[in-house]
Amino acid sequence: MSADDTAADATTSTPEDRHENARQHVVAVDADDEEQETVNRLDAHTGDGIRHRAFTSLVFDGDGNILLAQRAPDKRLWGTWWDGTVASHPVQGQTQKEATRQRLEEELGITPDQYDDLRVTDRFEYKRYFENAGVEHEVCAVLKVTLDDLSLDPDEEEVAGLMWVPYERLHEHPEWYRQLRLCPWFEIAMRRDFE
């Protein structure tokens, strides 16, 4: 391929060529989580970012342990960092609970018959940059659920590792878990949970 061909390809590339996230959209919101419009997911996570709707779901076992999930290494942002437990974005017209149910099943094989107490417990806005790769600027809902059945079937494309951890001890002694590199939205959610 000549230099001219390479230059032509660069100028004719579409968003779909950039990253798989460019094929998806997220819901841009104001500071009160009121929907503004849908925006390209990759655009929402690059440059200075675009404030958008997100959620993090904390999964518990009934004995005070939280399920931490390690993000797959090929995630564009925060790959191999530990999350508590699932984080994602609802699509337009989808509630936080609907999105949580979907992602719990897709990422961990957790089905609605394994719990009956899914609830929204908090909401906050945050903005964090990740290395030179991108940014999260989200209004993040926090949902909690306690499993009656602890059966898991993780999707390795989404989840690299799983670990049950005493939630209160994780909050009180973060230095004991520093090597885990916790995702910033989870750290914020946990801190607010104990305020």
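Trainee: How far from Glu 138 is the nearest side chain of opposite charge?

Mentor: Good place to start, and keep in mind that this is a predicted model. Glu 138 sits in strand E8 and is buried without a salt bridge. A salt bridge would need a side-chain nitrogen of Lys or Arg within 4 Å of a carboxyl oxygen. The nearest side chain of opposite charge is that of Arg 41, at 7.6 Å.

Trainee: Then which side chains make polar contacts with the side chain of Glu 138?

Mentor: Look among the residues in contact with Glu 138 beyond four places in sequence, including His 45, Ala 54, Phe 124 and Tyr 126. Two histidines give side-chain polar contacts, one at 3.1 Å and one at 3.0 Å. The 3.1 Å partner is His 52, and the 3.0 Å partner is His 89.

Trainee: Moving on to the largest nonpolar core, which element gives the largest share?

Mentor: This core has 25 residues, and Ile 66, Leu 68, Leu 170, Leu 182 and Phe 186 have the most contacts inside it. Among the elements giving two or more residues are strands E3, E4, E7 and E8, along with helix H5 (167-172) and helix H6 (184-193). The largest share is five residues, and it comes from H6.

Conventions. Residues are numbered from 1 along each chain as its sequence is written. This is a predicted model: local features need pLDDT of at least 70, side-chain atom pairs count only at pLDDT 80 or more; totals for chains, interfaces and linings use all residues. Side-chain values use heavy atoms; hydrogens and water are left out. A nonpolar core is a set of buried Ala, Val, Leu, Ile, Met, Phe, Trp, Tyr and Cys residues joined through side-chain atoms within 4.5 Å. Buried means under 20% relative accessible area, exposed over 50%, partly exposed in between (1.4 Å probe, protein chains only). Helices (H or I, at least four residues) and strands (E, at least two) are DSSP runs, numbered from the N terminus. Lys and Arg count as positive and Asp and Glu as negative; His and the chain ends are not counted. A polar contact is a pair of N or O atoms within 3.5 Å; within protein, one must be able to donate a hydrogen and the other to accept it, and residues adjacent in sequence count only if both atoms are side-chain atoms. Contact means heavy atoms within 4.5 Å.
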